[in-house]
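Thank you for making time for this. I would like us to look at the chain together and go slowly through a few of its places.

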Amino acid sequence: MIICIGTKNPAKAGAVKEGFSSMPDVEFLELDVSSGVSAQPFSDEETITGAINRAKNALAAGKGDIGIGLEGGVKQTEHGLLICNWGALVLRCGRTYIGAGASIPLPADVADALLAGEELGPVMDRYANKKNVRHNEGAIGVFTNGKITRQKMFAHVMESLVGQYEYELKTSQ
Ligand SMILES: O=P(O)(O)OP(=O)(O)OP(=O)(O)OC[C@H]1O[C@@H](n2cnc3c(O)ncnc32)[C@H](O)[C@@H]1O
Ligand SMILES: [Mg+2]
């Protein structure tokens, strides 16, 4: 089975590989594809669309069996700007599964930088005084004191996607 992953970000690709670790004979293709949404999605809806587009575009580009898209975004709530993360698993027949990851508020100064038009990736590097936070622990890792890294968060999303797919396979027989 060939799994087409719609990113080359190692924190995301690592999570996808964890998600399929119990399945035999899987091969992974990492593909740089378009999300079709803004670089910094600003709602659940836009983030879900980005995840689904990445999954569909990866599946089309890699001509595999399953496409996976993982997308990070933010959403405005009464409780501040929250990070939101979504994943999509798309089969060749078009069947699409979605699932969300951990969501926590961003500190006011980080939120203000995003509302002024910056992307979370570079803002986090400046805030944490680190390089490439987005490829490593992520904002979720920094603000949970390392308890939930970006890969761990997306690995949980992957479990929700693969689990839904398996459940449907099991119950449709
Ligand atoms: O190469 P791709 O797959 O695009 O990976 P990315 O890190 O850019 O991830 P997304 O496009 O899904 O994320 C959308 C935006 O939010 C940023 N972002 C999302 N989650 C983040 C996190 O946990 N830490 C740092 N930046 C994050 C990211 O840099 C983008 O500006
Ligand atoms: Mg991106």
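Let me begin by asking where Lys63 has its place in this predicted model. Lys63 sits in the loop between helix 2, residues 44-62, and strand 3, residues 66-77, and although Lys63 is not a glycine, its phi is positive, at about 50°.

Asn132 belongs to the loop between helix 4, residues 120-128, and helix 5, residues 138-143, and with 13 other C-beta atoms within 10 Å it is partly exposed.

Now please turn to the strands, starting with strand 4, which covers residues 80-91 and is mostly covered, since nine of its twelve residues are buried. Strand 3 and strand 4 form a hairpin with two residues between them, and these strands run antiparallel, joined by twelve bridges. Within that pairing, Gly73 stands opposite Cys84 of strand 4.

Which strand is joined to strand 4 by five bridges? That is strand 5, residues 96-100, and strand 4 and strand 5 also run antiparallel. Here Gly87 has Gly99, in strand 5, as its bridge partner, and in the hairpin of strand 4 and strand 5, with four residues between the strands, Gly94 takes a positive phi near 105°.

Technical notes
Residues numbered from 1 in each chain as written. Chains lettered and ligands numbered in written order. Predicted model: local features only at pLDDT ≥ 70, side-chain atom pairs only at ≥ 80, totals over all residues. Buried ≥ 20, exposed ≤ 12 C-beta atoms within 10 Å, placed from the backbone. Pairing = 2+ DSSP bridges.
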